[in-house]
Amino acid sequence: MHWVKVVGSAVGVAAILALGIILGHFAIPKATSTSAPQDLDLVILKNVLGQLDAGKIRENLRELSKEPHLASSPRDEALVEFILQRWKDQTSGLDSAMTSTYEVLLSFPNQEQPNLVELVDTKETVLHSFQPGEENVTGEQAGPNVVQPYAAYAPPGTPKGLLVYANQGTENDFKELQARGIKLEGTIALTRYGGAGRGAKAVNAAKHGVVGVLVYTDPGDINDGKSLPSETFPNSWGLPPSGVERGSYYEYFGDPLTPYLPAYPASFRLNLNNTPGFPPIPAQPIGFQDAKELLCNLSGPSAPDTWQGALGCDYKLGPGFSTNGSFPEGSMVKLTVNNRLVLRNSSNVLGIIRGAVEPDRYVVYGNHRDSWIHGAVDPSSGTAVLLEITRVLGTLLRKGTWRPRRSIIFASWGAEEFALIGSTEFTEEFFSKLQERTVAYINVDISVFANATLRAQGTPPVQSVIFSAVKEIDAPGRRGLSIYDNWIQYSNRRSPVYGLIPSMGTLGAGSDYAPFIHFLGISSMDLAYTYDRNKTSARIYPTYHTAFDTFEYVEKFVDPDFSSHQAVARTAVSVLLRLSDSFFLPLNVSDYSETLRSFLTAAQDHLETLLAEHNISLRPLVTAVEKFETAAAALIQHIAALQSSSPDPLQVRIVNDQLMLLERAFLNPRAFPEELYYSHVLWAPRTSSVATFPGLANAYSKAQNTSSGSEAWSEVQRQLSVVVMALEGAAATLRPVADL
């Protein structure tokens, strides 16, 4: 594997020390002319909400997306300086702003030797070449800074073989092909996005002897079946036929060579040959017009109905091409991948507002900066919102009319698209400090997928603060409705505690919240506006990770008046101020009781019978859940009593720390030894279909067809003990601090 080291400006020891000193400096209260607020000031909150300007967000987005800004590129570095100067502005800047730079392993295609997909005969004579890039529809899809479609971190190679169609490339999809007698050894697999992660498709394929993987976006999954140029961008928001979704195929997050260590130049690095998480075989994404030529000429039996798509033909499985098709019999697909691994400098930009009363408690708000091409939606819609929020808060700060109770850290993360690198390196560098002091993490990556309704994901304690915020904000384009009222019309569930409420999603590992929740155990959330699921089946906005994600696309189809961007800005800043300024932290730990009860019920319904046959009892888990419910309810009652009195600030600080630290109690760094960074026993990846505690569910799934006394059943017992101890620890965290 070719590994190039690109020399850039290394992180100086002085710069690293400076950031640590500044963060540590917050623990010392500062004299200030601004009177310290004791609680959330609703007048100031209303003032802030009124000042957030849709027009300024629009102009931010125009500037941010006018050129491609792939991580570590000159334009990416220019945006580092652009954001830094905004946060240092004399009239609207923050208390301080700085950069933090890491030397990280990135993956790029070779401009001199582009990746190719070709059709060859047995003598390797090229019969047909598929286009290496996207059609230049608006004049923004070509140029030296538009990176060719590629699968980041896929290894170089030139595999060739007969083509097979493997649906979404899941493990079950390849098993289905084998069950149907399809020979996979030595083939190239054509797969579609969805169902499994990008890298997982290559991992699953390699297990079955496949030597290369192609990945495309089916118009049935992204365009509601529309595939003609007249039906797609620039004539609609649909993905054009040549559109190709780029992406990272690395399976973990953080710099690949320095797991659990910040990627300083002097840090220990793994040997490339021993680095986990890279795809084992070459892979390349293609557009659906190229996929159609391949798929609609395949031979073999018809694919199952659920594998069919919207390319206008009967999808067959292969291997190889039909004698009645466009390609000669025996033609093979040759995949040429010339990706390179490169060490590059990538920077985070950090902006800080010092807390007036509790400067040693942090609320962190982050958005990544880098994109695959122009990235108007992903991530610049979020960056545009971030810059407008900091402008408004910075102006109040500079005027001396407001200072938060707790410190706020704003972050523009670098190299997220490759592996959530900037945010992960930050959590590694400041691991202890962030775990001890961080109240919550707010993530706004893509701020607007579409303009129908709010979409919020998060851990249970943040549900209440999000609901409180959006009940007070008008929904764009829905006169008389709040964002909350609008949201509940599009997505809702029935809670046994609250009745009908909006549905909150859970957090996986799709954006920069991942290291905060999975690695540090910090209550986290992700906020965005999205589309009406009743009007489209698109798995994400259609131009995702393509060269068609431009300012024109947003202005014309996604959010023409930028009112949804403004709504997200208002939601995010309201949540931010409630967390930073409220006397009592607005985190409702009792909302975890509903989640735990749901997980327990699923385990009892789906796992308990077979567990009992192997002498494994769920009774300790039942007891642990009940203890948590009791402790959470008692703490909420205690807080209510304090709120109705005139509590000593130390009493409030104690209960706030209990609220803040609850999430940490669910961490066990040895729970999932096969996974990097995942240590949260409730939100780790779950491969089982049973919606219960992930470690228990996954272990049960592997053990259910093995005999009693096997190692698999021992692992089930271990995972059950891990969960029970985590819940016991969480309950202890919530009980009175004088109690052991």
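1. Arg62 and Glu59 pair in a salt bridge, with 3.4 Å between their closest N and O atoms, a salt bridge being a side-chain nitrogen of Lys or Arg within 4 Å of a carboxyl oxygen of Asp or Glu. The two residues stand three apart in helix 3 (residues 54–64) and are therefore separated by about one helical turn, where helices (H or I, at least four residues) and strands (E, at least two) are DSSP runs numbered from the N terminus. Arg62 is partly exposed at 36% relative accessibility, as is Glu59 at 42%; buried means under 20% relative accessible area, exposed over 50%, and partly exposed in between (1.4 Å probe, protein chains only).

2. This is a predicted model, in which local features need pLDDT of at least 70 and side-chain atom pairs count only at pLDDT 80 or more, while totals for chains, interfaces and linings use all residues. Residues are numbered from 1 along each chain as its sequence is written, and side-chain values use heavy atoms, with hydrogens and water left out.

3. Glu358 forms a salt bridge with Arg653 at 2.9 Å between the closest N and O atoms. Glu358 belongs to strand 14 (residues 358–368) and Arg653 to helix 21 (residues 649–665), so the pair ties together parts that are 295 residues apart in sequence. Salt bridges with shared partners join Glu358, Asp360, Arg361, Arg405, Arg406, Arg653 and Asp657 into one network. Glu358 is buried at 7% relative accessibility, whereas Arg653 is partly exposed at 21%.

4. The structure has one disulfide, defined as a pair of cysteine sulfur atoms within 2.5 Å; Cys296 and Cys313 form the link, with their sulfur atoms 2.0 Å apart.
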